[in-house]
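Visitor: Please take a single helix of this model and go through it closely, including what surrounds it. I would like the side chains and their contacts, and then how the part sits in the whole.

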Amino acid sequence: MEQNPLDRASLQILEALQADARLSTQALAEQVGLSATPVWRRVKDMEDRGVIRGQVVLVDREKIGLSILVLANVSLVRHSEGAVEQFEQLVSTRREIIECHAITGEADYVIKVVAADMKAYDLFLQQHIFKLPGVSSVRSNVVLREVKYETALPVD
C-alpha cells in the first residue's frame, strides 16, 4: 500500500463501513458529516488504492452446519522441494481453510479450518493435508468457544 496517510474523514468512513458495509453513500455522508460526492470519491479512492479490498456478508458458521472450528499448526519438511508451493496451492483451493498464516516458531503455518464435525475434520486431514509429501506434522487445537471474533480493524 502507498504511504499516503488517510485523513480523519476517510478514517471515519472506514470505521462506518466496517460496522455496516451496506450503508448508502448518502447515509455514510450523513454519518461522517460530508456531502455524498466527496464521500463517494473517498470510498472510490480507497478502493483504487487497495485500502478497501471488498465487501462481504458475515455468516454464522454454526447456523449453516459448521460446528467445528480448528486452529491447526502445520510443519513442513524443510528439505522437501516444492513443499511450500504445494501446501500454499492446497490452501488456496480448499474452502474448509478460511485463514492461513505463515508464522515463526515451531510450526510453519497456522490454518483456521471449519468443518461440520470431528469426523469431517479428520476426513479433511486424511484426504488433503496428510497426502502432501511436504507436511511433516499437524497439531490441531479445537476451539471450544469464541471469546472474541471481530473483522473490523482499529482505524484510529
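Guide: A polar contact here is a pair of N or O atoms within 3.5 Å, where, within protein, one must be able to donate a hydrogen and the other to accept it. The model is predicted. At its start, a side-chain oxygen of D117 comes to within 3.2 Å of the backbone nitrogen of K119.

Leaving out residues up to four places away in sequence, Y121 touches V70, A72, V113, A115, V138 and S140. H128, also in α5, counts as buried because its relative accessibility is 18%, and the cut-off for buried is under 20%. Beyond its neighbours within four places in sequence, H128 is in contact with L90 and R94.

With sequence neighbours within four places set aside, V138 contacts A72, N73, V74, Y121, L125, I129 and F130. The C-alpha atoms of V138 and Y109 are 9.5 Å apart, although the two residues are separated by 29 residues along the chain.

Y121, I129 and V138 are among the residues with the most contacts inside the largest nonpolar core, which has 21 residues; V74, F87, I111 and V135 are also in that group. β1, α4, β3, α5 and β4 each supply at least two residues of this core, and β1 gives the most, with five. In general, nonpolar side chains in soluble globular proteins tend to be buried together.

A second, separate core has 12 residues, including V32, V39, V43 and M46. V32 belongs to helix α2 (residues 25-32), where L28, A29 and V32 are buried. These three cover an arc of only 100° around the axis, which puts them on the same side of α2. E30 and Q31, on the other side of α2, are exposed. The buried residues of α2 pack against α1 (8-19) and α3 (36-48). After α2 comes G33, with a positive phi near 80°.

As for the whole, the protein chain has five helices and four strands, in the order α-α-α-β-α-β-β-α-β along the sequence. Its radius of gyration is 20 Å, well over the 15 Å that the globule rule gives for 156 residues, so the chain is more spread out than a compact globule. Along the principal axes, the C-alpha atoms fill a box of roughly 55 × 35 × 25 Å. Buried residues account for 29% of the 156 residues. Of the contacts between residues at least 6 apart in sequence, 65% join residues at least 24 apart. The chain exposes about 11000 Å², of which carbon and sulfur atoms supply 51%.

Notes: Residues numbered from 1 in each chain as written. Predicted model: local features only at pLDDT ≥ 70, side-chain atom pairs only at ≥ 80, totals over all residues. Heavy atoms only, no water. Rg over C-alpha atoms; globule rule 2.2 N^0.38 Å. Buried < 20%, exposed > 50% of the residue type's maximum accessible area, 1.4 Å probe, protein only. Contact = heavy atoms within 4.5 Å. Areas by Shrake-Rupley, 256 points an atom, 1.4 Å probe, with all protein chains shown as cover. Core = buried A, V, L, I, M, F, W, Y, C linked by side-chain atoms within 4.5 Å. Arc of directions from axis to C-beta.
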